[in-house]
Structures are given as structure tokens and as C-alpha cells.
Amino acid sequence: MKNKLHLTTLLLLFINGLSGQSFIQAYADIANQVSQSNVTNNLTEFEALGVKRRGTQPLEDTYTWLRNKYLGFGYTAAQLQEDTFTNGSFTCKNLIVTKVGTLYPDTFVIICGHYDSLNGTGTNDNGSGVNTILEVARLLQNVSTEYSIKFINFSGEEDGLVGSNHYVNTVVNGTVPKMDIKLVFNIDQVGGVAGMTNNTITCERDTGTPTTNNAASNTITNELITCVGLYSPLNTNLSYAYSSDYMPFENNDEVITGFYETNETTHGHSATDLLVNMDPVYNYNVAKAATGAMLHFAVAPTTLNDESFTTFNEISFFPNPVKDYLTINLGTNPEANYLLKLNDIQGKEVYSNTFLGTQQLVSLNLDTLSKGMYVATLSSDKTIVRKKIIME
Ligand SMILES: [Zn+2]
């Protein structure tokens with residue numbers, strides 16, 4: 001049995017290795033929950049907050065609006081961090097929301113974008129990015145990930161990357177030991193152009209100095225490109241990173257990537273950077289792509305629905321789809337005790353039951369569960385088997 005467990009572990013690693021860049025239904029199920037009405041409503045609210053220049057009430061109001069959004073998604077006040085810095089003669093604030101990972105709690109996947117604007121409300125630059133990050137945060141709140149995530153809303157970007165520079169110099173490098181960052185995914189101006197066919201997103205890699213982090217950025221950006229194809233209808237265009245909040249990270253030798261619109265607005269930094277001049281459907285598709293990419297980068301659970309895996313363990317689940325009773329074939333040599341758990345596609349545990357392995361076939365009544373997809377995890381002292389179950 002020890003041998004078997006060892007092989008099982010290897011097989012698990014093998015499957016996980018392969019699933020790194022293949023389509024994962026569970027990720028698509030989550031990315032497909034990006035909401036067009038949320039996207040449009042958030043852009044409308046963001047626009048109504050006004051011109052978000054340093055030292056203004058609208059900038060302060062936008063910070064409060066963001067804070068309330070995250071709290072409304074279920075993040076706790078303890079997960080929200082205010083990072084204040086001096087911007088000219090004003091004090092500005094970055095808002096950081098941290099979600100702790102299960103396997104690598106001290107290694108962070110950062111998704112970021114700025115919420116300040118200059119001469120207009122900044123609905124595209126960068127309400128569209130803020131909005132994308134909000135949808136990702138909403139959908140991942142209840143999903144466990146192996147890596148920790150930081151959702152960062154920077155201020156002072158339009159004044160010369162002041163907020164992100166402060167964050168890197170003071171927080172990233174001020175942490176002892178220095179904050180360990182897996183990658184930084186920056187989202188700036190992803191609203192598209194009204195009246196145009198906005199079907200392509202530009203994915204940005206690091207081509208600058210220092211060059212030591214360029215190869216890793218290239219790898220991550222290729223993974224981002226694959227995620228766009230897997231979890232959104234958008235095409236991709238590969239370009240280089242410049243002039244946004246990933247640059248201070250880039251200069252600090254971190255691994256960066258980014259999204260930027262391919263059809264570029266002519267309303268940037270002006271009073272006409274408004275919802276009416278952008279494409280909220282494009283923003284919705286960008287949010288889907290970003291959600292899929294973050295599930296991939298932070299490593300959310302996948303469903304190990306591999307027949308050879310099940311056969312190897314001599315354990316099978318049937319029928320599938322399940323109506324009321326799920327039968328588990330424990331194989332010819334069952335162990336003493338088993339635990340069956342079911343998690344919904346958000347990762348929430350909805351069923352847990354222990355039973356004895358006194359016979360080969362065990363039937364469990366699941367008629368209290370609502371229709372939909374679940375991940376069933378059967379574990380014993382020596383075995384763990386996961387399988388996707390559909391309730392109908
Ligand atoms: Zn911008």
C-alpha cells in the first residue's frame with residue numbers, strides 16, 4: 001500500500017503538471033461567472049465619482065468605494081491594508097487586499113492597477129482595470145489557491161508611478177525577509193473603443209533592464225496568452241511593458257506581465273475618457289480572461305477527473321450524473337474507514353460523511369444537494385481520490 005500511495009502521488013503530480021496549461025473546466029466555470037451587469041455598473045459608479053486627481057475628494061471617495069466593494073465581496077477588514085504615501089504636497093493611498101494561499105502563504109501573485117486619474121473621470125484609464133480586478137476579487141474570494149494573492153489598487157500612477165514606487169521601495173523591500181513575489185499582473189486601460197471591433201487584448205512582457213527577469217516574464221506572458229485563449233473569446237497581441245505600475249516591480253527584478261487594450265482610445269487623460277467612448281463588452285471579456293489567468297497563476301484546485309487515476313485506485317463512483325444515491329466501489333480490499341467530502345465549484349464544502357469499509361460497494365444518499373457540479377474527495381488513511389460529480 002505504501003508503494004501504491006507513492007505511485008499515486010507521482011501520478012497526481014504528473015496530472016497537475018499537465019493541467020498547468022490545459023483547459024480546466026472548473027476555471028472556466030468560475031471565469032464564466034464574470035457579470036456584464038457588474039462590469040457596466042462598476043464603470044458607471046466609477047465615472048460618477050468624478051475626476052480622481054491627487055488631493056481631491058473624488059480620489060478619497062474612490063478609495064472608500066473600493067474598500068466597500070471588497071468588504072461587500074466577503075473580504076474582512078483585516079485583509080485590507082492602507083498604504084499611505086506622499087505625492088507632491090498631498091497624501092495618497094494604495095489599497096491592498098490580501099488572500100492567504102494554502103501551500104505557499106509567503107509567496108504572492110499580485111494583480112494590480114491604478115484608480116487615480118488626471119483630467120477626466122478615467123473611466124477607461126483606469127476604471128476598466130479597477131473593474132477587472134474587482135470581478136476577479138469577487139469570484140476568487142471563496143476559492144482556495146496554493147499561492148497567496150494581493151489585489152492592489154494603486155494611486156499616484158498618473159503623477160509618475162508614485163504609489164507603486166512607494167509600495168515596492170517601502171513594503172516589498174521593507175518586508176523582512178523581502179516579500180517573495182511569484183509575479184505581478186498589471187491591468188491598465190482595457191476598455192476598448194466604442195464603435196470598433198474590440199476582440200484582441202495586448203499582453204505585455206518585460207523587454208527592459210534589468211534583463212535577469214526577462215525570460216521569466218516571457219514565460220509568464222506566454223501562459224497569460226494561453227489563458228486568454230482558454231477562458232475568453234479574445235485574441236492576443238504580444239507587446240512590451242512600459243509606463244505603468246508594473247515598472248517599479250520590473251526595476252526591482254520582479255517578474256511582470258500585463259494587459260493593455262489593442263484598439264487604443266483617443267480619449268486618454270482627457271475629459272472625454274467616458275463610458276460612452278469605450279466598449280463595456282470588451283471590458284467584460286478582459287475580466288473573464290483575467291479571472292482564468294489568476295486561477296492559473298495562483299493555482300486554484302482543479303478537478304482530477306482522470307479515468308486512469310480512478311482505475312489505478314480500483315475505486316469508482318457511479319452512476320454519474322447522480323440522481324439521489326451515489327455508489328462508491330471501494331475495490332476488492334477496502335480499508336477500515338473512509339471520509340467522503342463534496343465541494344461545490346467555488347470550493348465550498350457542502351457535504352461530509354464518514355463510513356466504514358466493511359463492504360466493496362457503499363451507497364450514500366445525496367438528495368439534499370442541489371443540481372450542479374461538485375468535486376468529490378474520498379480519503380482514507382492511505383488513499384485520496386478526487387472525482388467530478390454531477391447532480392441532476
Ligand atoms: Zn493608466
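## Basis

The model is predicted: local features need pLDDT of at least 70, side-chain atom pairs count only at pLDDT 80 or more, and totals for chains, interfaces and linings use all residues. Residues are numbered from 1 along each chain as its sequence is written, and side-chain values use heavy atoms, without hydrogens and water.

## Overall build

The chain has 10 helices and 15 strands (DSSP runs numbered from the N terminus; helices are H or I of at least four residues, strands E of at least two). Its radius of gyration is 23 Å, close to the 21 Å from the globule rule for 392 residues, so the chain is as compact as a globular protein of that length. That radius is taken over C-alpha atoms, and the rule is 2.2 Å times the number of residues to the power 0.38.

Buried residues make up 54% of the 392 (buried: under 20% relative accessible area, 1.4 Å probe, protein chains only).

## Tyr147

Tyr147 is found in strand E4, residues 147–154. Leaving aside neighbours within four places in sequence, its contacts (heavy atoms within 4.5 Å) include Tyr104, Lys182 and Phe297. Tyr284 is 137 residues from Tyr147 in sequence and 25 Å away in space, C-alpha to C-alpha.

Technical notes
Buried means under 20% relative accessible area, exposed over 50%, partly exposed in between (1.4 Å probe, protein chains only).
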